[in-house]
Amino acid sequence: MIGPVLAARSEQELEGGSVLPDLRKTPITKLQLVKYAGASGDYNLIHTDDETARRVGLEGVIAHGMLSMAFLGEYLCWLAGPESIRRLSVRFVEMVRPGDTLTCRGRVKEQTVGNAGRQLLLEVWAENQRAERVTVGEAEVQIS
Amino acid sequence: MDQPPALSRDLIGRESEEVLFEVERGAIRKFAEAVQEQTPECLRGEVAPPTFPTTFRMTIPGLTFDLARVLHGAQEYRYERPLRAGDRVRCRLRVADIYQRKGRLGEMTFLILALEGRDESGSAVFTGTTTAILR
């Protein structure tokens, strides 16, 4: 199954450089970080306990990097469908704090058309409300 | 403040036990809800979100550090197919590399962990690579 966004686009509309639509997430809350800690099993207290965060020199709790990567994973599902995802690689470059609103963005780096279908190499990133890229990466999706 | 001892490069190659994880519908839904996923298959608990392998937690004998001093630098996942509810995956975590490098925060230790997930017949389902930075 192909996600609704890329399925609706022709080969010409997915050439290198093509800009993909945005996925805006709801603002990150402390409650979400507690839920994500529980759901993911990442109990590092710098994400849920301000006291621990301050002890290591932070102003307060910061979001799990993996939460922003999960947003990008959702972005790929929305773009291409969960069955199509072959790779997602990210670097966590800026901290994300409660109250930040992340938007997932992307563009096509390369489209390869072969016997196995179309393979897209995408540049994807999550940026905050100040348009700073917080998590940046690359993904490969296979569209048969 | 005490500097934590750098990790010994002797740990490179060390592995966890193989651990069998069952992908549970409820765990998928809980994860999807925490992330505020909108993907219908994930919200129904049928297909796991792409970063779900992060829930497969394993320990490697001898590898210890102060969790509060670890930064997650980078993460990669490669997939043969998505994980689905009911999948039983055999996972193993390995220390792929340890090295020192000067960064923005001074001398830092980089720890590279390789995760491998196979189905019950032994075929690869996904791999993961974690770059952790110990400051």
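Chain B contains two helices and five strands, where helices are DSSP runs of H or I with at least four residues and strands are E runs of at least two, numbered from the N terminus. Reading from the N terminus, its elements follow the order β-α-α-β-β-β-β. This is a predicted model, in which local features need pLDDT of at least 70 and side-chain atom pairs count only at pLDDT 80 or more, while totals for chains, interfaces and linings use all residues. Residues are numbered from 1 along each chain as its sequence is written, and chains are lettered from A and ligands numbered from 1 in the order in which they are written.

How confident is the predictor? For chain B the mean pLDDT (the predictor's confidence in each residue, from 0 to 100) is 93, with 96% of the residues at 70 or more. The complex as a whole receives an ipTM of 0.94 and a pTM of 0.95.

For a detailed look, follow β4 (residues 117–127) and β5 (residues 133–143) of chain A, which run antiparallel and are joined by 10 bridges. Here A:E123 has A:E138 of β5(A) as its bridge partner.

Back in chain B, look at helix α1 (residues 25–35), whose buried residues are B:I28, B:F31, B:A32, B:A34 and B:V35. A residue is buried if 20 or more other C-beta atoms lie within 10 Å of its own, exposed if 12 or fewer, and partly exposed in between, with C-beta atoms placed from the backbone. Because these residues cover an arc of only 160° around the axis, they sit on the same side of α1(B); the arc is that of the directions from the helix axis to the C-beta atoms. Just after α1(B), B:Q36 adopts a positive phi of about 60°.

Finally, of the 135 residues of chain B, 29% count as buried. The C-alpha atoms of chain B fill a box of roughly 45 × 35 × 20 Å along the principal axes.

Notes: Pairing = 2+ DSSP bridges.
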